[in-house]
Amino acid sequence: MTAIEKDPVVEPAAVEAPRGRLAGLAPYATALRAAGGLLTVVGAYLPWATFVLNDGPYPEKATLEFFTAPLGVSGFRLHLLVFGIAAIVLAFVPAVPARGRILRALGWGVVAVSVVNGMYITTQGGGFGAITAADGAVAFGAIVALIGGAVLLVGAFAGGLEGHARWGRPLGRFVEWALLLVIYALLLLLVAAVLTSGGQGSVANPYSGAVFLSFLGALGGLLAALHSAGVVTWVTGMSERHRAYSAIVLLAVALLLPLTAAGTQYWMTVAANIGVYAATAIGLNIVVGLAGLLDLGYVAFLGIGAVVAANFSGATAARFDIVLPFPLVMVISAVVAGIFGAIVGSPTLRVRGDYLAIVTLAFGEIFVRSSQNNIGGLTGGSNAIPGIPPVTAFGQPFNESLTIGSVELPAGALYYFLIVVIVAAVMAVFGNLKNSRLGRAWIAIREDEDAARAMGIRTGPVKILAFMIGATLAGLAGAFFAHKTGTVSYESFRFLESVTLLAAVILGGMGTIPGAVLGASILFVLPEKLREFADYRLLIFGIALVLIMRFRPQGLVPDAHRRAELAPQSEPPPPDGSTGPAAAKVAAS
Amino acid sequence: MSGKHAAPEAPRAAIGQSILSAEGVTMQFGGLRALNDVSFGLSEGEIIGLIGPNGAGKTTFFNCLTGLYAPTSGSVALRGTPLPQDPAKVTDRGIARTFQNIRLFPSMTAEENVLVGRHVRMKQGPLSSLLHGPAFKRSEAEARSRTAELLEFVGLSRFSDELARNLPYGDQRRLEIARALATEPSVLLLDEPTAGMNAQETEATRQLIFKIRDLGTSVVVIEHDTKFIFTLCDRVLVLVQGELLVEGTPDEVRGDPRVVEAYLGAPPDEVEHQIHAAEETP
């Protein structure tokens with residue numbers, strides 16, 4: 001294949017006419033957009049807090065001390081500055097495709113950043129005085145930026161929204177490889193930045209949650225803007241064309257995380273925990289996302305894997321006095337969890353839908369209660385099984401730091417490497433199964449069980465297999481979990497954990513790998529980051545879930561829809577209105 | 001109607017030996033007897049029409065034939081062997097069906113829908129699915145090429161990557177037929193394949209069914225459109241209130257006063273008029 005570079009061709013997209021009340025503002029769209037951008041820039045340069053909060057000055061010199069370096073904007077103020085300038089430029093450059101959509105995304109980003117920081121300063125400072133005027137000092141940063149964001153949004157809508165930009169024509173293979181390499185490297189830096197943004201929440205660092213949320217808001221705006229500009233679609237298309245290459249590079253990139261800013265023991269531990277839940281969420285995604293069977297007790301399989309591993313670990317509280325090598329323990333844990341998966345799955349032969357959910361809920365509860373009561377002496381009861389030794393290989397315990405040549409890996413990096421490999425393996429299992437006879441049978445059952453049977457699918461065994469494989473993957477993760485945390489207690493496998501896993505799958509997008517990983521990352525990073533909001537953590541969490549389900553029910557990384565979007569535009573349905581998709585939907589229901 | 005449509009239907013294929021037979025099928029739902037002692041036989045290369053007023057038990061009969069319902073009494077046999085009471089096994093044995101209210105897998109693409117139909121004919125165990133070895137790749141390639149042929153056969157190649165739910169209504173019905181054909185059936189049961197279609201689409205479906213018959217698949221069709229049935233089928237069965245009222249060639253059924261009286265439930269003159277009108281139009 002030759003590496004001829006061609007300019008990506010941007011296909012023209014139809015402009016969606018502004019609707020409703022905003023239609024009247026159409027002539028002022030450019031002015032509104034520019035004004036919104038300008039206000040955002042001004043907001044970025046204004047002070048944000050009128051006084052030093054009880055917990056110390058607000059980060060990024062947002063307090064009055066900003067006067068010491070008036071032009072030195074950083075952190076969230078830098079994000080706003082960039083967004084504002086981008087908006088002003090876009091307002092006057094007509095040639096950019098999907099301009100309205102990009103501006104809308106930027107507008108939402110500005111709103112999110114100003115609301116998060118403004119609200120935080122307000123609540124910590126004890127009222128609106130903190131972000132307006134108090135004691136003779138003024139600080140309208142948050143308000144000006146928020147108005148800027150709102151004006152930008154109005155301007156974006158008033159000017160009309162075009163369709164997402166599409167980039168046609170693939171480039172040469174080597175050009176695409178090089179581009180993907182750069183993009184994945186950027187992705188690594190981005191992941192490290194997200195993980196470490198705001199730092200580790202603690203008394204000494206009281207604003208970590210706000211900084212993190214603000215960063216997420218800005219990042220969300222940026223990604224939405226890139227998506228509107230067609231960049232995300234273009235990159236996904238490229239990575240799909242080079243599937244094997246992407247998989248290898250992404251794996252390599254993931255293994256490089258300990259060398260970035262996230263390379264400390266704390267972040268390695270956080271990342272390894274995310275890995276455990278990501279692997280488990282992918283397993284759950286087989287059951288829920290592919291086969292469409294609601295499992296409310298899934299975390300029990302993680303627990304079973306952990307308990308099995310703990311009992312063969314040589315810990316003092318272990319039931320068996322045998323110490324098996326870790327790889328073997330993983331296999332045993334996975335198999336035992338798989339057997340239980342088949343047992344739990346067997347009611348699916350007779351029970352459907354809501355009733356099945358109740359059965360799985362009961363199973364999860366049985367596991368928690370019997371572990372709590374130490375049935376069979378296997379779980380240590382309320383004492384848990386503490387003191388599980390770390391995994392060791394070649395005399396190197398995985399929980400200690402390691403120096404290879406001049407590179408020093410932080411403590412926990414080895415566990416991180418191990419979980420990356422496990423997650424990669426779980427992803428491969430999921431991906432391979434999804435694109436096979438078995439995976440299609442699962443999806444068919446999810447879509448219409450009776451029709452699936454009429455197509456010759458023996459739904460009973462196929463559904464039990466879904467439970468079994470999902471449980472096996474969770475068991476695998478459980479064995480890792482036991483050794484990494486060193487303690488296995490029933491408290492880690494309660495109903496709430498099952499629900500969180502389920503939320504991760506649904507939030508990320510059912511039936512997709514990136515969805516499950518993203519969902520698990522978000523749901524298990526947020527509690528870590530929002531420690532100072534401990535009291536409100538679940539509340540914020542719940543509200544966020546409700547909002548996401550309302551505005552993006554298909555999840556953050558949706559399945560087949562995306563593929564349909566990527567596919568070349570097929571002919572429009574016949575002009576006869578009665579045969580359009582809408583009519584079909586009505587007729588089919 | 002144009003001359004094209006006036007042309008007689010495709011030449012009837014030679015009708016061979018009996019392939020599907022039902023003996024005294026009775027289906028009782030609580031106090032309701034949906035089917036009462038229905039017997040019929042289908043020969044190779046034959047197209048049989050099943051008509052009757054709403055609630056006559058036509059779909060129930062299909063469900064009995066495909067193992068979705070276990071008949072209260074009576075038996076169904078394919079090539080002389082009784083059929084199991086399991087839709088999956090019945091499909092494996094060679095009976096495929098479509099549904100009255102389209103039941104595609106809406107979030108799967110057209111291609112994937114047909115691939116699901118290949119399920120029973122693919123040799124691909126769970127381990128092979130997991131490892132994606134050479135045998136897996138061969139069976140996938142085979143299934144995909146067969147799928148492409150079938151989509152071409154029903155005229156849906158261009159919608160291959162489109163989600164089933166986004167297809168126009170008539171195309172959804174044709175996709176359902178392609179999916180059923182993917183199971184390589186010797187008998188195809190079509191439940192109202194032209195419901196909601198306009199005249200051209202109905203005609204296209206008629207030709208499609210002839211093509212399917214010519215490939216060696218026997219067909220049973222449920223339909224309300226009598227014109228469609230009379231110009232399509234070799235034999236027509238009239239089911240009324242769960243009982244087989246009349247069985248015969250389209251001409252025999254058309255002329256039968258019991259059909260006129262019982263089936264349409266309208267004054268004989270008017271029905272006569274309707275049926276004759278139907279005769280003249282094709």
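**Entry 1: B:Arg254**

I looked up the side chain of B:Arg254 and found a polar contact with the side chain of B:Asp251 at 2.6 Å. I count a polar contact as a pair of N or O atoms within 3.5 Å; within protein, one must be able to donate a hydrogen and the other to accept it, and residues adjacent in sequence count only if both atoms are side-chain atoms. B:Arg254 sits in helix H10 (residues 250-255) of chain B. Helices (H or I, at least four residues) and strands (E, at least two) are DSSP runs, numbered from the N terminus. Is B:Arg254 buried or exposed? B:Arg254 is buried, because its relative accessible area is 18% and buried means under 20%, exposed over 50%, partly exposed in between (1.4 Å probe, protein chains only).

I note the ground rules here. This is a predicted model, in which local features need pLDDT of at least 70 and side-chain atom pairs count only at pLDDT 80 or more, while totals for chains, interfaces and linings use all residues. Residues are numbered from 1 along each chain as its sequence is written, chains are lettered from A and ligands numbered from 1 in the order in which they are written, and side-chain values use heavy atoms, with hydrogens and water left out.

**Entry 2: chain B overall**

I find twelve helices and ten strands in chain B. Of its 282 residues, 55% are buried. I also checked contacts, meaning heavy atoms within 4.5 Å. Among contacts in chain B with a separation of 6 or more, 66% join residues 24 or more positions apart.

**Entry 3: the six-stranded sheet of chain B**

I traced an open sheet of six strands in chain B, in the order S6-S7-S8-S3-S9-S10, with mixed pairing. Two strands pair if DSSP finds at least two bridges between them. Strand S6 (95-97) and strand S10 (243-248) of chain B are the edges, each pairing on one side only. From one strand to the next, the twist averages 20°. Helix H2 (residues 58-65) of chain B packs on this sheet and touches S3, S6, S7, S8 and S9 of chain B. The direction of H2(B) makes about 150° with that of S7(B). Axes are lines fitted to C-alpha atoms, for helices over the stretch in contact, and angles run from 0 to 180 degrees between N-to-C directions. Helix H7 (residues 169-181) of chain B lies across S6 and S7 of chain B, at about 160° to S7(B).

Strand S9 (residues 235-240) of chain B pairs with S10(B) in the antiparallel sense over five bridges. B:Val240 stands opposite B:Glu243 there.

**Entry 4: a hairpin and positive phi values in chain B**

Strand S1 (residues 18-29) and strand S2 (residues 32-43) of chain B pair in the antiparallel sense over eight bridges. B:Gln28 has B:Arg33 in S2(B) as its bridge partner. This hairpin has two residues between its strands, and B:Gly30 takes a positive phi near 55°.

Which residue has a positive phi of about 50° although it is not a glycine? I found B:Arg79, in the loop between strand S4 (73-78) and strand S5 (81-82) of chain B. B:His132, also not a glycine, has a positive phi near 55°. B:His132 lies in the loop between helix H5 (126-131) and helix H6 (134-154) of chain B. B:His132 counts as buried, at 17% relative accessibility.

**Entry 5: helix H12 of chain A**

I checked helix H12 (residues 353-372) of chain A end to end. Its 20 residues reach 29 Å from first C-alpha to last, close to the 28 Å expected at 1.5 Å a residue; the expected span is 1.5 Å times one less than the number of residues. Buried residues of H12(A) include A:Leu356, A:Thr360, A:Phe363 and A:Phe367. The face turned away carries the exposed A:Asp354, A:Tyr355, A:Ile358 and A:Ile366. Just after H12(A), A:Asn374 takes a positive phi of about 55°.

**Entry 6: A:Ile388**

A:Ile388 lies in the loop between H12 and strand S7 (392-393) of chain A. At 6% relative accessibility, A:Ile388 is buried. Beyond its neighbours within four places in sequence, its contacts include A:Ala310, A:Ala482 and A:Val488.
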